[in-house]
Amino acid sequence: MTEIQNGWYLAAWSEEVGRTLTQRWIAGNPVCFYRLSDGTPVAIEDRCPHRRYPLTLGRLDGDVLECNYHGYRFDGTGRCVGVAEQRDTPRAQVLRYRLVERHGAVWIWPGDPSAADESQLPDLSWLDSEQWTGFHGVLPLKARHLLLVENLLDLSHETFLHPTTIGNRAVAATPIEVSTTDRVVSFTRHMVGIEAPPFYVHSMGLTSPVDRWQDGDFYPPGVFILNIRLAPTGTSEPEGYHMKVLYGLTPSVEGECHDFYAVSRDFKLDDADLTQYQHKQQLAVMREDVDALEAQELMVATSRGGAPESSIRSDLAALRARRMLERMRAAEAAAR
Amino acid sequence: MTEIQNGWYLAAWSEEVGRTLTQRWIAGNPVCFYRLSDGTPVAIEDRCPHRRYPLTLGRLDGDVLECNYHGYRFDGTGRCVGVAEQRDTPRAQVLRYRLVERHGAVWIWPGDPSAADESQLPDLSWLDSEQWTGFHGVLPLKARHLLLVENLLDLSHETFLHPTTIGNRAVAATPIEVSTTDRVVSFTRHMVGIEAPPFYVHSMGLTSPVDRWQDGDFYPPGVFILNIRLAPTGTSEPEGYHMKVLYGLTPSVEGECHDFYAVSRDFKLDDADLTQYQHKQQLAVMREDVDALEAQELMVATSRGGAPESSIRSDLAALRARRMLERMRAAEAAAR
Amino acid sequence: MTEIQNGWYLAAWSEEVGRTLTQRWIAGNPVCFYRLSDGTPVAIEDRCPHRRYPLTLGRLDGDVLECNYHGYRFDGTGRCVGVAEQRDTPRAQVLRYRLVERHGAVWIWPGDPSAADESQLPDLSWLDSEQWTGFHGVLPLKARHLLLVENLLDLSHETFLHPTTIGNRAVAATPIEVSTTDRVVSFTRHMVGIEAPPFYVHSMGLTSPVDRWQDGDFYPPGVFILNIRLAPTGTSEPEGYHMKVLYGLTPSVEGECHDFYAVSRDFKLDDADLTQYQHKQQLAVMREDVDALEAQELMVATSRGGAPESSIRSDLAALRARRMLERMRAAEAAAR
């Protein structure tokens, strides 16, 4: 299945892109990432137009990238500016992708650059705000993008997959409210008077009962932002402890994804031990998800007909996201 | 190639099915096996109808199986009886397979349960009779089901693949008689005045020359029973030593099988050393077959046209079995 | 993609073929190689016509090959001469390939034997001439045959992939002359007054500046001969040091090749240390090529449309070779 090309995907954390040529597959495309000497990030198709040799195996000569198979040389726009040692300057152009770098993350638009619309990128300014602290990273996931989307848009799974960290019975037991715009699927879950899960007890030092808010926004095809707030029961929301989790859901190759994450908090900003604790817990949670989704992927990939799919109210946000992705995919297929 | 679904396949030895959810692929289907608290074995499709998550990763709550992704709960008939922590009880049904448990083996009918006909299962009562003793197990085989069928229906291969255990020149040198009914392909090979192969010399303490009978019955798609009798030459058959070998030929995933075996004898019932000796030898023989069939599978899978297939008289039973399987497969394809 | 069948491919070095049955895949076909007792090399399809079991797993009984599954026996022409222990002698014939053995190499024609034309094999008599010495071998390559052809027909890559051994700037900087006949694509590159690359400095003891000739002849589908001459600048070519490199470009399975090589020199014939040095360097060069071509293969295999291919003058020989191979392939497809 061809992945959606016209949309922003998280491609890399800023520190992953530098003067070393780096390959990462994005939505089915091999991409070569690097920075120009002025720091501008560049992403080009990782196939030399000469003989499709990976440009990542080449070298940077100032701002010119030289292919290491036969010496084709490209400037930062992807235009061929000569062939090393030879007189020819063929009219060749390597596909260059639109990038946006904001708040420590590099975003890519794999499709038509002229359609790239920066306004579609949600506000992520907390990522490098002094009011927030946290950590980030990326895990490989051998499951199709849609399974990760649906995982995040139905957090009732926390009750079952993550019972020792962030999930407890209250999550699945509390219905969500769903709202949708043209570009965003949102849900909110407001748990009242519940026991705080271990991760939050440790992070925030709260005593149960607490109130817990989960507010999720999915910007198709690949951005999910979760706002988590906890507070002693009865406190109004704005006074609670606040965490923001960004997930970048980026298809890599057929049936696989990059699972980018950034976890931020607005409290105990200087507590490095807490950052370390949260990072360890986050990775444990994500590995539970990776194991689950990879097992699910095999069942989805091998499914032939069989029983009709069953859905319940807690699937509403995920189903809307699925339909939005289907529409985007159909529109791209129609345009080809 | 779609495997035959309407037929009995050996799914598990009774002790393999218990209160732990266990996955096994049967004829292209992922199946979750377990027992209800009253001991009844259950087999359901290992895909939750909610989001196709493997049910084997869930847990048993009494006789209710709860999916560990979002809490769908199923009773022993596969009917959804609720979703943990949630109010919805969706009308969902997981596919449940017909099982029969007899004499220590669990048999599955992957196809239409209403077509399941227990009378098609041959008599296997010796498996737990006090007149017989033996051992059983299962090996994985990375070769298509048909290659295993043909291996067992042409035992002339014992001469070449198993010369140090059960085969000698007499096997290939002795023609078979073949008979066929609607449901069974049978052959018999009666070797007279031959040298006893090492396995039988050790097992039975016979002195050559001996007479040896091999009587095989194949019940398509997946049951093969071999009756082996040896006796001093001139003795009438009923007085000979008798062994029965059951093979369960169960397709798993594309191009692979489960190779179930149960080897029984009606002599030296209390001789545990002999059981151990025979088990070790049986595994050695089966590993020779596994190596051979996996090498053959590669050649069959990559074959394009080439020389026409050649057959001789000793192939008669295998060819009839092949045609019977082709008819069953064609009938199922026509019914879809 | 079906490989070209009607053409000579290097199948083995003579010492690789003996009385041990040996399997090698050639242009998509599994081939069983052995020698008759009089030393004649034989190549037959490695599938018994009975049940497609690999004949390589069988055994030689004099000049008769006996299949180890059910005892089919074949003479040196591939004709079935009986079945061990059985009375039948089926009319079966295993596909036998045309072979030519010359100068220490065994060549195979996988296609129609009646079309095999020995005159298409170029003169390789230096391989076992007393005027030459050298070494040979074979490496596996997980890249399609065409990539290896194009690699060898555009040696400008030496400048970039092999800068520490045989390549320097002069190679890419010097244009080639290309000529073509019905059956051969030839190029010549004459470098004048250049620095000698390290491999040649060590091999020949030359002092820069030198003149260097690279004359390549490609005989589609699978033979490439490179004549390398170096001499002090100003010397006429015939007095130079001369090396001949034969490459056998033999497709094995889909997307993979055998990369045969034989490197010969007409100087320092008794210098075993030099042979060892050159062999080590040759393998280092070839491993650089293997790494490059395997990386390129992934990009070619996953490429969908994308930027149009760009070519320059140094591609001329490779482009002609590509078209010649396309014509051969199309002719075979039309004939089927």
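## Contacts between chains

How many residues does the contact take from chain B and from chain A? In this predicted model, the contact takes 24 residues from chain B and 23 residues from chain A. The side of chain B that touches chain A is made up of twelve nonpolar, six polar and six charged residues.

## A helix in chain B

Helix α6 of chain B runs over residues 316–335, which is 20 residues. From its first C-alpha to its last, α6(B) reaches 29 Å, and this is close to the 28 Å expected at 1.5 Å a residue.

Which residues of α6(B) are buried? They are A317(B), A318(B), R320(B), A321(B), M324(B) and L325(B). Seen down the axis of α6(B), the buried residues fall within an arc of 165 degrees, so they line one face of the helix.

## A sheet in chain C

Chain C contains an open sheet of three strands in the order β1-β10-β9, and the pairing is antiparallel. The edge strands are β1 (9–13) and β9 (98–102) of chain C, each of which pairs on one side only. On average, neighbouring strands of this sheet are turned by 30 degrees against each other, direction ignored.

In general, strands of a sheet pair through backbone hydrogen bonds, either parallel or antiparallel. Strand β10 of chain C (residues 105–109) pairs with β1(C) in the antiparallel sense over four bridges. Which residue of β10(C) is the bridge partner of Y9(C)? The partner is I108(C).

## Backbone exceptions

Most residues other than glycine have a negative phi, and most peptide bonds are trans. Some places in this model depart from that pattern.

Two peptide bonds come up here. In chain A, a cis peptide bond joins P220(A) and P221(A), with omega about 5 degrees. P221(A) lies in the loop between β14 (210–219) and β15 (223–232) of chain A. In chain C, the peptide bond from S208(C) to P209(C) is cis, and its omega is near 0 degrees. P209(C) lies in the loop between α4 (198–204) and β14 (210–219) of chain C.

Positive phi values are found in chain B. A27(B) is a residue other than glycine, yet its phi is near 50 degrees. A27(B) sits in the loop between β2 (22–26) and β3 (29–35) of chain B. K268(B) is not a glycine either, and it has a positive phi of about 45 degrees. The loop that holds K268(B) is between β17 (257–265) and α5 (272–301) of chain B.

Is A27(B) buried or exposed? A27(B) has 25 C-beta neighbours inside 10 Å and therefore counts as buried, since the cut-off for a buried residue is 20 or more. K268(B) counts as partly exposed because it has 16 C-beta neighbours inside 10 Å, a number in between that cut-off and the 12 or fewer of an exposed residue.

Terms used
Residues are numbered from 1 along each chain as its sequence is written. Chains are lettered from A and ligands numbered from 1 in the order in which they are written. This is a predicted model: local features need pLDDT of at least 70, side-chain atom pairs count only at pLDDT 80 or more; totals for chains, interfaces and linings use all residues. Helices (H or I, at least four residues) and strands (E, at least two) are DSSP runs, numbered from the N terminus. The expected span of a helix is 1.5 Å times one less than its number of residues. The arc is that of the directions from the helix axis to the C-beta atoms. Two strands pair if DSSP finds at least two bridges between them. Axes are lines fitted to C-alpha atoms, for helices over the stretch in contact, and angles run from 0 to 180 degrees between N-to-C directions. Two residues are in contact if their C-beta atoms, placed from the backbone, lie within 7 Å. Ala, Val, Leu, Ile, Met, Phe, Trp, Tyr, Cys and Pro count as nonpolar, Asp, Glu, Lys and Arg as charged, and the others, Gly among them, as polar.
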